Amino acid sequence: MLSKRPGDLPNFDNPPVIETVLSAQFEPLPQLRTAHLGLLWDKYRDGGFTLTKERPPLDHTIEEFPEMPRARRGLQLQTLENPPVPRLWFLTAQGNELIQVQADRFIKNWRKEGQGEKCPRYEYVKASFKRDFDIFQKFLDEKQLGSPRIDQCEVTYVNHILAGKGWDTFNDFEKVFNVWRSPTAEIPGATEDLRLHARYPIPDLEGKPIGRLHVDIQPAFRTSDNTPMYVFHLTARGRLGEDFDFFDLARGWIVQTFAALTTPTMHRIWKRTDDHGNS
């Protein structure tokens, strides 16, 4: 059953989102080997995940409060009795859905493929993630490989804001985002382009930080036709309660931050429809 969208969140009928990702990280499962991932693929193949790819595993990442300084590390040589278990991709033939599994993570991606396609709403994404994670959990039980103990959850939205609608060149940054104003002085003059990385602590109801929102804005070009675009990447990572409780909080922070950092002009182009919008 799909959950209901909160009425107080910004809403866009035509948002620029091209990918949504939900990820559950857990304590490593030491008994899970590469051969098991091959058997796991059989559980998803009948559901349309007919393709597979192998990738290096992602690092185990925890948002720390207070944040600990990273020790400087020189060249390190390791002799491993067992090589690291890779991260295995299970993809649909169209490529718009992707399951990623490694020894300490389960990830589900939904990607826009084609001009007319839209990414599904979060409520569908969350229900689909839960369904596929349950399949993974049952597989672990069948093979006696342990039970995932989740230590971090993550939600990512990737937006491609294409030139030609509301802006034309990279120095039109201010027409898209409201976090920068170019100097009016002759030197340095107008901004050629701009890159931004910002982090925001996410508190619980008592004000205690339980996660972070990472915001990245980068100029880029669409590979199909070299159209200029700004890639607006928002990732919320943290832990709240048990299982996937952090997902809803993360989604709320991402959607509200997306609206807060972009301009009313772009909101009209993206057809904002909630009470705080302009349509």
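**Entry 1. Pro 16**

I began with Pro 16, which counts as buried because its relative accessibility is 10%, and buried means under 20%. The model I am reading is a predicted one. I located Pro 16 in the segment that comes before strand β1, residues 17-26.

I then listed what Pro 16 touches, leaving out residues up to four places away in sequence: Val 158, Asn 159, His 160, Ile 161, Phe 258 and Trp 270. I also looked up the separation between Pro 16 and Asn 226, which lie 210 residues apart along the chain. Their C-alpha atoms are separated by 17 Å.

**Entry 2. The largest pocket**

I turned to the largest pocket, which holds about 970 Å³ of space. Its lining has 40 residues, and the closest to the centre are Pro 15, Pro 16, Val 17, Ile 18 and Lys 112. Pro 16, the residue I had noted as buried, is thus listed here again.

Which elements supply at least two residues each to this lining? I noted β1, α2 (122-142), β6 (150-162), α4 (246-261) and α5 (264-269). The largest share comes from β6, with five residues. By class, I recorded 20 nonpolar, 10 polar and 10 charged residues in the lining of the largest pocket.

Next I looked at Gln 25, which has its place in strand β1. Gln 25 counts as buried because its relative accessibility is 3%. Leaving out residues up to four places away in sequence, I found that Gln 25 touches Asp 59, His 60, Thr 61, Ile 62, Asp 104, Arg 105, Arg 149, Ile 150, Asp 151 and Gln 152.

How many cavities of 30 Å³ or more does the structure hold? I found one. The space in the largest cavity is about 30 Å³. I listed its lining as Ser 23, Ala 24, Gln 25, Thr 61, Arg 105, Gln 152, Cys 153, Glu 154 and Arg 237. Thr 61, Arg 105 and Gln 152 are also among the contacts of Gln 25.

Strands β1 and β6 each supply at least two residues of this lining. By class, the lining of the largest cavity divides into two nonpolar, four polar and three charged residues.

**Entry 3. Asn 109**

I moved to Asn 109, placed in strand β5, which covers residues 105-111. Is Asn 109 buried or exposed? Asn 109 counts as buried, because its relative accessibility is 5%.

Setting aside neighbours within four places in sequence, I noted contacts of Asn 109 with Glu 19, Thr 20, Val 21, Asn 96, Glu 97, Leu 98 and Gln 100. With Gln 100, the side chain of Asn 109 makes a polar contact of 2.9 Å. I also looked up Ile 99, which is 10 residues from Asn 109 in sequence. The C-alpha atoms of Asn 109 and Ile 99 are 6.5 Å apart.

I ended with strands β7 (residues 196-203) and β8 (residues 209-221), which pair in the antiparallel sense. I recorded eight bridges for this pairing.

β7 and β8 form a hairpin, with five residues between the two strands. In the turn I noted Gly 207, which has a positive phi of about 85°.

Definitions and conventions
Residues are numbered from 1 along each chain as its sequence is written. This is a predicted model: local features need pLDDT of at least 70, side-chain atom pairs count only at pLDDT 80 or more; totals for chains, interfaces and linings use all residues. Side-chain values use heavy atoms; hydrogens and water are left out. Helices (H or I, at least four residues) and strands (E, at least two) are DSSP runs, numbered from the N terminus. Buried means under 20% relative accessible area, exposed over 50%, partly exposed in between (1.4 Å probe, protein chains only). Contact means heavy atoms within 4.5 Å. Two strands pair if DSSP finds at least two bridges between them. A polar contact is a pair of N or O atoms within 3.5 Å; within protein, one must be able to donate a hydrogen and the other to accept it, and residues adjacent in sequence count only if both atoms are side-chain atoms. On a 1 Å grid over the protein atoms alone, a cavity is a set of points where a 1.4 Å probe fits but cannot get out, and a pocket is an open set with protein on both sides within 12 Å along at least five of seven lines; lining residues have an atom within 4 Å of a point. Grid points are joined across faces, edges and corners, and a volume is the space filled by probe spheres set on the points. Ala, Val, Leu, Ile, Met, Phe, Trp, Tyr, Cys and Pro count as nonpolar, Asp, Glu, Lys and Arg as charged, and the others, Gly among them, as polar.
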